[in-house]
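Please look over the sequence and the structure below before reading on. The briefing then goes through them topic by topic.

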Amino acid sequence: MGTFPVNKIREDFPILHQKVYNRPLVYFDNAASTQKPVQVIRAISGYYETDNCNIHRGVHFLSQRATEAYEETRKVVQRFINAASSSEIIFTKGTTESINLVASSFGKQYISPGDEVLISIMEHHSNIVPWQQMCLDRGAKVKFIPIHENGELDMEAFRKMVNEKTKLVAITHVSNVLGTINPVKEIIAYAHTYGIPVLVDGAQSIPHLGADMHDLDCDFYCFSGHKMYAPMGIGVLYGKEKFLETLPPYQSGGEMIKEVHTDRTTFNELPFKFEAGTPNVEGVYGLHAAILYLQNLGLDNIRNYENEILKYATDKLTAMGDIRIIGTAKEKTSLISFLIGTIHPYDAGVIIDKMGIAVRTGHHCAMPLIEWYKIPATVRASFAFYNTVEEIDSLVEAIIRVKQMFG
Ligand code: 7TS
């Protein structure tokens, strides 16, 4: 496959070199969480070996060093996503917390009874439920942009749904079930002509496509470290300063204050206003290492290789005949959701697992989408740049075995 040094890259991922059920582990559950290279693992253990302490609150040496590393990572993230200022980068637990923050704070500030929030039918639950809850509280309504059968967004419907009641559009860049890459730039430009801000859920796009805030011009952007080779429990909310300045705090406590008196409190400046309490410092060290790792590989190289893998897998599965691929958009990232004849995805998943291959089966936290397709669930194989064509051949063998057992 081209010149991409996949075997050398695999050496960076210790977890991949093990057997499960006496077979080599094949990890195709990357959309749920990616594996971590030694560079990230070492950054975390290095933090505990030399720098561990609380940040922003000590004059002592370790506290200063850890604070500097934490704040340096904020700048690394800023440059990675091409944001205008590091005060627009807020560290959170992950995409879910980032979206909840915006739903809560934006809702309080800008949503009134009768207003509408536009999302799509292909959203992950974490980009549905926070809006539903907020709209319930505020007497507003969530509306779902439909899709076409091939998993592409219905852009004509979207344009018709935008009206004077629309106060926010929240849309995923890439679907975690379909792999569809949505035309978010076009969506943002259209919404902006009506003065409507847009939140982009970048959880599934950033590990494959990177992100460019200047180019996209979105108002909020959310992602999780653990889906981009960084640790769990760390993520980012990007928000345009002009919005973040106007939003009330999400959580309150230490760090997010300027002054506290018995009768009043004033809040800290950005980004600290939105980072209450002791943050996930080890996660930030790991995120820094993961970004350097991706930049070193090169996002273009990653994209090219993953496209080759996707094409190889799509061709192989299509050639099998009775595989129905759910999500055949023209623009996709490297994942395939599928059904094997009439075999239930759960049954298929159990057999595939016994062959050492980790796929995910179920609704993938996107129940409205699964209902839309009128299917019970899917089997999902999601690929990363450390996966190989030989591994895809193993998946094909496993599917043949599933068909022998249940067909
Ligand atoms: N948005 C999208 C598009 C996602 O795919 C996910 C997680 C989230 C948000 C939530 O991210 P978290 O890090 O806050 O949990 N998606 C999946 C998945 O597809 N399988 O497991 C988790």
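How do the residues of the shell around the ligand divide into nonpolar, polar and charged? The shell has 3 nonpolar, 9 polar and 4 charged residues. Keep in mind that this is a predicted model.

**The ligand**

- The ligand is surrounded by 16 residues, and the closest are T96, D201, S224, R360 and R380.
- In the side chain of R360, an N or O atom is 2.3 Å from a nitrogen atom of the ligand.
- An oxygen atom of the ligand lies 2.8 Å from a polar side-chain atom of N176.
- For Q204, a polar side-chain atom lies 2.7 Å from an oxygen atom of the ligand.
- On its own the ligand has 490 Å² of accessible area, and the protein covers 87% of that.

**Helix α15**

- Helix α15 runs over residues 389–406, which is 18 residues.
- The buried residues of α15 are V389, E391, I392, L395, V396, A398, I399 and V402.

**A buried aspartate**

- D51 belongs to helix α2, which covers residues 38–51.
- Is D51 buried or exposed? Its relative accessibility is 9%, so D51 counts as buried, the cut-off being under 20%.
- The side chain of D51 has a polar contact of 2.8 Å with the side chain of T50.
- A polar contact of 2.7 Å also links the side chains of D51 and Y285.

**Backbone exceptions**

- Most residues other than glycine have a negative phi, and most peptide bonds are trans.
- The peptide bond from L270 to P271 is cis, and its omega is near 0°.
- P271 sits in the loop between β12 (265–267) and α11 (281–297).
- D217, a residue other than glycine, has a positive phi, near 65°.
- The loop that holds D217 is between α9 (213–216) and β9 (220–224).
- With a relative accessible area of 34%, D217 is partly exposed.
- H364 is a residue other than glycine with a positive phi, near 55°.
- The loop between β16 (360–362) and α14 (367–372) contains H364.
- H364 has 1% relative accessibility and therefore counts as buried.

How values were computed. Residues numbered from 1 in each chain as written. Predicted model: local features only at pLDDT ≥ 70, side-chain atom pairs only at ≥ 80, totals over all residues. Heavy atoms only, no water. Near = heavy atom within 4 Å. Polar contact = N/O pair within 3.5 Å; in protein donor to acceptor, adjacent residues only side chain to side chain. Areas by Shrake-Rupley, 256 points an atom, 1.4 Å probe, with all protein chains shown as cover. Nonpolar A, V, L, I, M, F, W, Y, C, P; charged D, E, K, R; others polar. Helix = DSSP H or I, 4+ residues; strand = E, 2+ residues; numbered from the N terminus. Expected span 1.5 Å × (residues − 1). Buried < 20%, exposed > 50% of the residue type's maximum accessible area, 1.4 Å probe, protein only.
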